[in-house]
Amino acid sequence: MTDPITRAARLSVAPMMDWTDRNCRRFHRLMSRRALLYTEMVTAPAILHGDRARLLDHDAAEQPLALQLGGSDPAELREATRIAADWGYAEINLNCGCPSDRVQSGAFGAVLMTMPERVADCVAAMQAVSPVEVTVKCRIGVDDQDPETALPAFLTAMRGAGIRRLTIHARKAWLKGLSPRENREIPPLDHPLVGRMKAQFPDLHLSINGGIASLDQVRDHLRVMDGVMVGRAAYHDPWTILGAADRLWDDAPPFDDPIEVARAMRPLILGHLAQGGRLHQFTRHMLGLFHGRPGARAWKRTLSEGASKGGIEVYDAALAQVTAVPSSS
């Protein structure tokens with residue numbers, strides 16, 4: 001029988017820097033009880049030397065939740081994994097796909113695609129102290145690598161290191177010449193290559209990531225792949241991806257309409273404000289909730305203009321913008 005975290009990986013929301021913080025994850029979890037959520041990438045040195053509570057704290061309601069680590073030093077990753085074990089994550093994931101300059105200078109992220117032996121050492125060190133499964137997220141290759149050979153070689157090395165579950169972003173990363181944003185958009189997608197990897201490595205649980213923007217596309221990929229990871233679409237148009245996501249597990253969705261989601265968020269936001277939090281810390285993740293629906297523009301404008309200084313009255317005013325619009329207009 002498949003374990004719960006593997007079942008959850010049927011659909012996951014990608015780790016996204018500055019986006020998938022704990023407030024974003026509470027919002028996403030409200031829409032889907034089943035999808036696997038990921039933290040932003042946290043570097044191993046930050047956990048070793050920084051504010052661990054700020055970096056690792058989360059609410060139990062966010063589960064199933066995976067922590068993504070960044071690093072390339074086995075000893076640092078081992079210690080970061082040991083520390084993180086106390087926070088009760090359902091999975092620890094090693095980032096081998098981020099192309100940012102900061103990541104490159106630290107010799108981790110996508111550059112690790114060129115160092116499969118180093119990655120194998122890293123995951124072995126993490127597995128030695130992790131009470132939960134260690135997984136890897138990678139690209140299909142970097143720079144001048146030929147993905148047709150680089151990706152299967154990388155997967156072979158991961159399998160040899162005991163990794164059983166990976167997520168593959170179906171684009172190369174160009175570490176020289178493209179910005180991180182450009183690396184998410186310019187390198188062409190190669191979904192068929194990732195699909196061939198599933199045929200070549202049937203014993204591995206492989207999820208596909210990159211350019212997937214609808215639940216219909218998710219279902220199409222699930223005919224071949226074990227899981228699908230959605231990033232920007234889940235953030236910018238969360239209802240379209242997560243509103244009915246639980247049907248992928250033959251479960252009924254928690255809500256029938258995004259207005260219900262917005263109303264259900266209100267007590268969470270009130271609790272956040274009562275603890276000294278600010279409205280925009282939640283609502284900045286909710287701007288796309290009504291994407292393509294009547295009142296969406298007014299909802300977004302009201303929150304964008306007022307949430308940084310206002311309180312729940314701003315949220316109520318934004319909600320009134322969508323509840324007052326007839327659905328047929």
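**Exercise 1.** How much area do domain 1 and domain 2 bury between them, and what percentage of it is on carbon and sulfur atoms?

*Solution.* The model is a predicted one, in which local features need pLDDT of at least 70 and side-chain atom pairs count only at pLDDT 80 or more, while totals for chains, interfaces and linings use all residues. Residues are numbered from 1 along each chain as its sequence is written, and side-chain values use heavy atoms, with hydrogens and water left out.

Begin with the bounds, which come from an automatic or database domain assignment: domain 1 covers 4-249 and domain 2 covers 258-324. Next take the buried area, meaning the accessible area (1.4 Å probe) that two parts lose on being put together, summed over both. For domain 1 and domain 2 this comes to about 1300 Å², with 62% of it on carbon and sulfur atoms. Of the area that domain 1 buries against domain 2, Asn23, Phe27 and Trp239 supply 43%, more than any other three residues.

**Exercise 2.** State how many residues of each domain are in contact, and find the salt bridge across the interface.

*Solution.* With contact taken as heavy atoms within 4.5 Å, 14 residues of domain 1 touch 15 residues of domain 2. A salt bridge requires a side-chain nitrogen of Lys or Arg within 4 Å of a carboxyl oxygen of Asp or Glu, and the rule finds one across this interface. The side chains of Arg284 and Asp21 form a salt bridge, at 3.2 Å from N to O.
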